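Here is a friendly walk through one protein chain, meant to be read with the model open beside you.

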Amino acid sequence: MINLNLTSLSSQPKVRFGIVHYKDRGDSYVTKTVPLTESLNKFRTALNSISASGGGDAPEDLQSALMESMEGINWNNDGIRLSFIITDAPPHLDYGQEYTYVKAMLVARKKGIKIFSVGTGGRSEEHTSELQSH
């Protein structure tokens with residue numbers, strides 16, 4: 001849907017998609033990155049290969065995913081840069097990481113990356129209010 005909306009513009013912008021999916025320490029991986037690509041088919045294939053597993057052990061390591069997204073992605077310097085965080089669990093804020101979500105937001109601002117957060121099911125009121133208090 002995003003690709004269709006963007007490619008229908010008269011200016012014909014260059015559109016690339018990528019993924020940083022994340023879990024938590026102790027899981028099979030913390031982050032996995034699919035580099036940005038102009039090929040919607042490659043992106044769909046990568047997206048379709050992702051499956052949720054091991055749930056129920058919230059929170060997850062969002063700060064590592066933010067670091068990978070801000071520092072590990074080859075962002076286009078000339079374009080609009082959009083990042084979507086899609087999660088069903090609150091972030092770990094207790095790992096003592098140097099690269100925090102605050103640093104990620106500062107880097108995003110400097111690089112002109114707009115970050116959108118989308119919460120899906122599974123978030124309790126307790127976790128939501130905990131995150132908002134930080």
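The report below goes from the overall layout to the helices, the strands and a few side-chain pairs.

## What you are looking at

This is a predicted model, in which local features need pLDDT of at least 70, side-chain atom pairs count only at pLDDT 80 or more, and totals for chains, interfaces and linings use all residues. Residues are numbered from 1 along each chain as its sequence is written, and side-chain values use heavy atoms, with hydrogens and water left out.

How confident is the predictor? The score to look at is pLDDT, the predictor's confidence in each residue, from 0 to 100. The chain averages 83, and 79% of the residues score at least 70. Among the elements, α3 has the highest mean pLDDT, at 95, while helix α5 (residues 125-132) has the lowest, at 50.

## Overall layout

The chain has five helices and four strands. Here helices (H or I, at least four residues) and strands (E, at least two) are DSSP runs, numbered from the N terminus. Read from that end, the order of elements is α-β-β-α-α-β-α-β-α.

Of the 134 residues, 30% count as buried. Buried means under 20% relative accessible area, exposed means over 50%, and partly exposed lies in between (1.4 Å probe, protein chains only). As for contacts (heavy atoms within 4.5 Å), residues 24 or more positions apart account for 70% of those with a separation of 6 or more.

## Helix α3 and its cover

Which residues of α3 are buried? They are L62, Q63, S64, A65, L66, S69 and M70. The cover over these buried residues includes β1 (17-22), β2 (31-37), β3, α4 and β4.

S69 lies in helix α3 (residues 62-72) and counts as buried because its relative accessibility is 12%. Apart from neighbours within four places in sequence, S69 is in contact with V20 and W75.

W75 is found in the loop between α3 and β3. Its relative accessible area is 15%, so W75 is buried. Beyond residues up to four places away in sequence, W75 touches R16, L36, S69, M70, R81, L82, S83 and I113.

Now follow the chain through β3, helix α4 (residues 101-111) and β4: together they make a right-handed β-α-β unit. Right-handed means that, with the strands pointing away from the viewer, the path from the first strand over the helix to the second runs clockwise. Strand β3 (residues 81-87) and strand β4 (residues 113-119) run parallel and are joined by seven bridges; two strands pair if DSSP finds at least two bridges between them. In one of these bridges, R81 has I113 of β4 as its partner.

Two alanines of helix α4 are worth a look. A104 sits in this helix and counts as buried because its relative accessibility is 0%. Leaving out residues up to four places away in sequence, A104 touches L66, M70 and Y99. A108 is also found in α4, and its 2% relative accessibility is why A108 counts as buried. With neighbours within four places set aside, A108 is in contact with M70, I113 and I115.

A104 is 35 residues from S69 in sequence and 8.7 Å away in space, C-alpha to C-alpha. For A108 and S69, 39 residues apart along the chain, the C-alpha separation is 9.4 Å.

## Aromatic rings

How many aromatic pairs does the structure hold? There are two, counting rings of Phe, Tyr and Trp (its six-membered ring) whose centres lie within 6.5 Å; planes under 30 degrees apart count as stacked, over 60 as edge-to-face and the rest as tilted. F84 and F116 form a stacked pair, with 5.2 Å centre to centre and 20° between the planes. This pair links distant parts of the chain, as F84 is in strand β3 and F116 in strand β4, 32 residues apart. F84 counts as partly exposed because its relative accessibility is 43%, and F116, with a relative accessible area of 38%, is partly exposed too.

Finally, the charged end of R25 sits over the ring of Y95, 3.7 Å from its centre. The cut-offs here are NZ of Lys or CZ of Arg within 6 Å of the ring centre and within 35 degrees of the ring normal.
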